Amino acid sequence: MSAIANHSQLTIHEAHQLLKTRQISAVELARTCLARIREVEPELQALVTVTDELALSQAQKAEALIAAGDAQSPLSGIPVLIKDNMCTRGVRTTCSSRMLGDFVPPYDATVVEKLTSCHAVIVGKTNMDEFAMGSSTENSAFFPTRNPWDRSRVPGGSSGGSAVGVAAGEAIYALGSDTGGSIRQPAGFCSVTGLKPTYGRVSRYGLVAFASSLDQIGPLTQDVADCALVLNAIAGYDPRDSTSVPYPAPDYTQCLTDDLNGLRLGVPKEYFVEGMQPEVATVIRTAISRLEELGAGIDWEVSLPHTPYALAAYYIIAPSEASANLARYDGVKYGFSYLETNNMWQAMEKTRQRGFGPEVKRRIMLGTYALSAGYYDAWYLKAQKVRTLIRQEFDQAFEKYDALVTPTSPTVPFRIGEKVDDPLQMYLSDVCTLPINIAGLPAVSIPAGFADGLPVGMQIIGKPFSEETILKIAYAFQQATDWHKRKPAI
Amino acid sequence: MKLSREEVLHIARLARLGLDEAEVDKFREQLSELLESFAVLQRVDTTGITPTAHSIALENVVRSDQVAASLPPDQILANAPQKEGDFFRVRPVLGDR
């Protein structure tokens, strides 16, 4: 590990202490991350845009506040990466798509506004699968991002750039978005902590829409304590997102204790799926036993029998919503436009043909089919009914258990190119994460160990709005283990 | 239950998505394979089950109708591929010219 990495791989709480006690300045911290970016980006390609100037001006302002003793937030002066599907005023927001290659938003997403008001320091925008559709970050229209633990492997997706940025110390933390596992799966693949909050807990205003009933923004961090700090900053009602919930958000750092006595955890057997890598199952079972040693009661024989139908339901519902959301890209108001014809329909079709990549087209086609006359009842409505059954099954499980524990992914990170031409195989890598979006639940992925030298993530799932419970369990695990402290050699 | 070429073209037209010949062939194969796999849904008994559109559903979200500032036209038009004065320039909707 390089000398630069030592400082850029601080946690938020460590960096905050150093800033507060004036052992480091916010400008120095920003410069350290920018230097680290220059050092590792040629190999990892986690970032679409580096915002040097913005970062340094934000760091100077934060530094002035800290010096005056006026910095109220633990995020003040701390460098952050933003996934490139969240609008940043004046900074290109591409969704890693040719369609939005030159798009510069005139406003900030609510989460960006909230971080900015905490005097966060934005160092860059992260690479992703185009429009967040994918599980490997190979669907970026610009370049694939590489896993810092093994550069021949994918970092997961779609928030691959955010996970790699945190794992490699290009910033102290990052924001990602999760529609079917897009925060948790890359967090697991890169050995960082990633939280998908309950649907509605964090405002989606300014998040470029993929599947509106499933999308949720959340943090990717070095540890659970940081995750709580970031959630404190971004959670809460927003009148500009009518699906954000009007319930007050608690202080998520208050739940971080290492006593799991009295908690009941369930292990649903359907998540140890056929085709799962046995080494991954072993790591997860060992990690769950650790939770038992910490005082939690474990039921190893929970059954959620509708789990095998979640993948199909998800891949009807998400593409259906996507096909409607992506209808806005018509080449008229913003984004790429095919200008070589004056025929309206031809211009629209060519704009979409050239602006979208293969996976986005595939999902638009799939969703349009499922919503089209004659197929709506058989596919879309059927999937929504199965969604009800999956949600009810979780509701019943949460009458008995405080949380459920599963692997985040059925395998370790796969090789770049291995699944890119086989959509069904690619979709299966989200098999453990997408049921959680279908039910709108919160879930966190934390480093649970390694199989063949590659990271394995453990997923802890809670009932709606029980982020405190799952963070507490994850925190207790991290107090007792040091998997989350291991860093890739780069 | 492989999709026909015509079905693929019909869906593409509904989505206003231009496809070249190779894409038509590829999507015919891939969409057919995906739908065949998703047909497991038909095995689930959903008699009497209400569909879920939003898992955390809020009902009747209302707000007061308050006047607030809008973004100025130059900012709204800054990303427009074609503009004229304070307007988006669009192609003719009726006829080609």
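# Salt bridges and burial, step by step

Asp150(A) is partly exposed in this predicted model, with a relative accessible area of 21%.

Q: What makes the contact of Arg153(A) with Asp150(A) a salt bridge?
A: The test asks for a side-chain nitrogen of Lys or Arg within 4 Å of a carboxyl oxygen of Asp or Glu. Here the closest N and O atoms are 2.9 Å apart, so the pair passes.

Q: Is Arg153(A) buried or exposed, and how do you know?
A: Arg153(A) is buried, because its relative accessible area is 14% and buried means under 20%.

Q: Why are Asp178(A) and Arg184(A) called buried?
A: Asp178(A) has a relative accessible area of 0%, and for Arg184(A) the value is 0% as well. Both values are under 20%, so both residues count as buried. These two residues also form a salt bridge, with the closest N and O atoms 2.8 Å apart.

Q: How do you know that Glu29(B) and Lys2(B) meet in a salt bridge?
A: Their N to O distance is 2.7 Å, and the limit is 4 Å, so the pair qualifies. This pair links distant parts of the chain, 27 residues apart: Glu29(B) sits in helix α2 of chain B, and Lys2(B) in the segment before α1 of chain B.

Q: Why does Glu29(B) count as partly exposed?
A: Its relative accessibility is 47%, and exposed means over 50%, so Glu29(B) stays in between.

Conventions. Residues numbered from 1 in each chain as written. Chains lettered and ligands numbered in written order. Predicted model: local features only at pLDDT ≥ 70, side-chain atom pairs only at ≥ 80, totals over all residues. Heavy atoms only, no water. Buried < 20%, exposed > 50% of the residue type's maximum accessible area, 1.4 Å probe, protein only. Helix = DSSP H or I, 4+ residues; strand = E, 2+ residues; numbered from the N terminus.
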